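The following paragraphs lead the reader through one structure, from the relation between its chains to the contacts within a chain. Please keep the sequence and the coordinates at hand while reading.

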There are 2 protein chains.
Amino acid sequence: MTNECGTSRIAGCQFTLYPMSDKFVDIILSALDKVDTSKVWKDTDDVSTCIRGKMVHIFDVTQAIFLHAAKTGEHVAMSGTFSIGCPGDSSGDVFMDENDQPQNKAGIQDIKQQAGCKFALYPMGHEDYMKKIMDQIDLSKSRGVEVSESHYATRLDGDVKDIFNTLQESFDQVQQVVSHVTMTFTISANSPSNK
Amino acid sequence: MTNECGTSRIAGCQFTLYPMSDKFVDIILSALDKVDTSKVWKDTDDVSTCIRGKMVHIFDVTQAIFLHAAKTGEHVAMSGTFSIGCPGDSSGDVFMDENDQPQNKAGIQDIKQQAGCKFALYPMGHEDYMKKIMDQIDLSKSRGVEVSESHYATRLDGDVKDIFNTLQESFDQVQQVVSHVTMTFTISANSPSNK
């Protein structure tokens, strides 16, 4: 294991998919079956799944897993943390030689799915971290999503693909100026509270 | 709303309870019904619940909600983020005049529940944030929980009460030396992957 303090552009996500259904095992396995994870390193245990690789594939895979689960119509949610540039990171477990072509774009292009999402960005190691966020992120330009503020998080409502675009753009913009960035998110679809 | 930059000791948690069951609504409502939330401010929408108040009550309430849901025997999980000292925080929505007596200690004392948990601590605004964690946290002294490392997180296995004690101690120790601290966690019980 080699530390690559601040220079590593290995992105990763530790996440869990939650189908609120007796069929949760089938929904998870079936979603995973439909998603091409060949461009990321992946490890799953009973608490969460970790994927690592290029940023484009990390967002592509998490979005595709969520969409394939949500299109069952069941109430499903996903919570996790995206991370890049962790100084304690190792260069192992990673697929950085893949090209930038997202594997799951075609497979999800016809899925229309509304969702609500709360996320929070944490630029690490900078005293002016709040300013880094403010300077980089202008969510008013986020097309297709409704943006609102809540305690500890920003809420996005809209189509899942627009939400993931906004998440990836926000994360990408902050990581361009801050070496180590993490971003928590919780996205929820088909909640009976919305009917 | 008054900003209390760095001086506020209002703690909070944004979390979601996930019962992997067709009866998810009943399990959530029944758990909430058994938990005394009178010492915290609480707001719930279709994505997550936010509670705010003294640290002792934030951990007491999240632990009690998880335990009352898990004791149904269904596979349940909870993901969320604890936060304290956020410079963008407001002094509203908070119950800081309550005493330090946890309301749910008696109600959960007889519940024995094993779980697995992954958590990560984020001390904000310090260049030496990794050192702050290392200096403050000695998980080898955590009684009753098995500690292991994974990408982006530390895993704890054991009884739910021992896990929450370890979470609260870790969070408390870091917030004593760093003004703004967040801590993500995902805890899971009764997973069929463990049977």
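Do the copies meet through the same surface or through different surfaces? The copies meet through the same surface, because 100% of the interface residues of chain A are also interface residues in chain B. This is a predicted model, in which local features need pLDDT of at least 70 and side-chain atom pairs count only at pLDDT 80 or more, whereas totals for chains, interfaces and linings use all residues. Residues are numbered from 1 along each chain as its sequence is written, chains are lettered from A and ligands numbered from 1 in the order in which they are written, and side-chain values use heavy atoms, with hydrogens and water left out.

In general, two copies of a chain are related by a rotation about an axis and a shift along it. Here, a rotation of 180° with 0.0 Å of shift along its axis brings chain A onto chain B with an RMSD of 0.0 Å (least-squares superposition on the C-alpha atoms of residues with pLDDT of at least 70 in both). The two copies are therefore related as by a two-fold rotation axis.

Chain A itself contains five helices and eight strands (DSSP runs numbered from the N terminus, H or I of at least four residues for helices and E of at least two for strands). Their order from the N terminus is β-α-β-β-α-β-α-β-α-β-β-α-β. The C-alpha trace of chain A spans about 45 × 35 × 30 Å along its principal axes.

At the interface, 55 residues of chain A are in contact with 55 residues of chain B, contact meaning heavy atoms within 4.5 Å. The two chains bury about 4200 Å² between them, 61% of it on carbon and sulfur atoms; buried area is the accessible area (1.4 Å probe) that two parts lose on being put together, summed over both. A:Asp46, A:His151 and A:Tyr152 supply 19% of the area that chain A buries against chain B, more than any other three residues.

Charged pairs also cross this interface, with six salt bridges counted between chain A and chain B (a side-chain nitrogen of Lys or Arg within 4 Å of a carboxyl oxygen of Asp or Glu). One salt bridge joins A:Arg155 to B:Asp46, with the closest N and O atoms 3.1 Å apart. Elements giving two or more residues to the side of chain A that touches chain B include β1 (11-19), α1 (24-34) and β7 (153-159) of chain A. The largest share of that side, seven residues, comes from β1(A).

Over all chains, the count comes to 14 salt bridges. Among them, A:Lys23 pairs with A:Glu74, the closest N and O atoms being 3.1 Å apart. This pair links distant parts of the chain, 51 residues apart: A:Lys23 lies in the loop between β1 and α1 of chain A, and A:Glu74 in the loop between α2 (55-70) and β4 of chain A.
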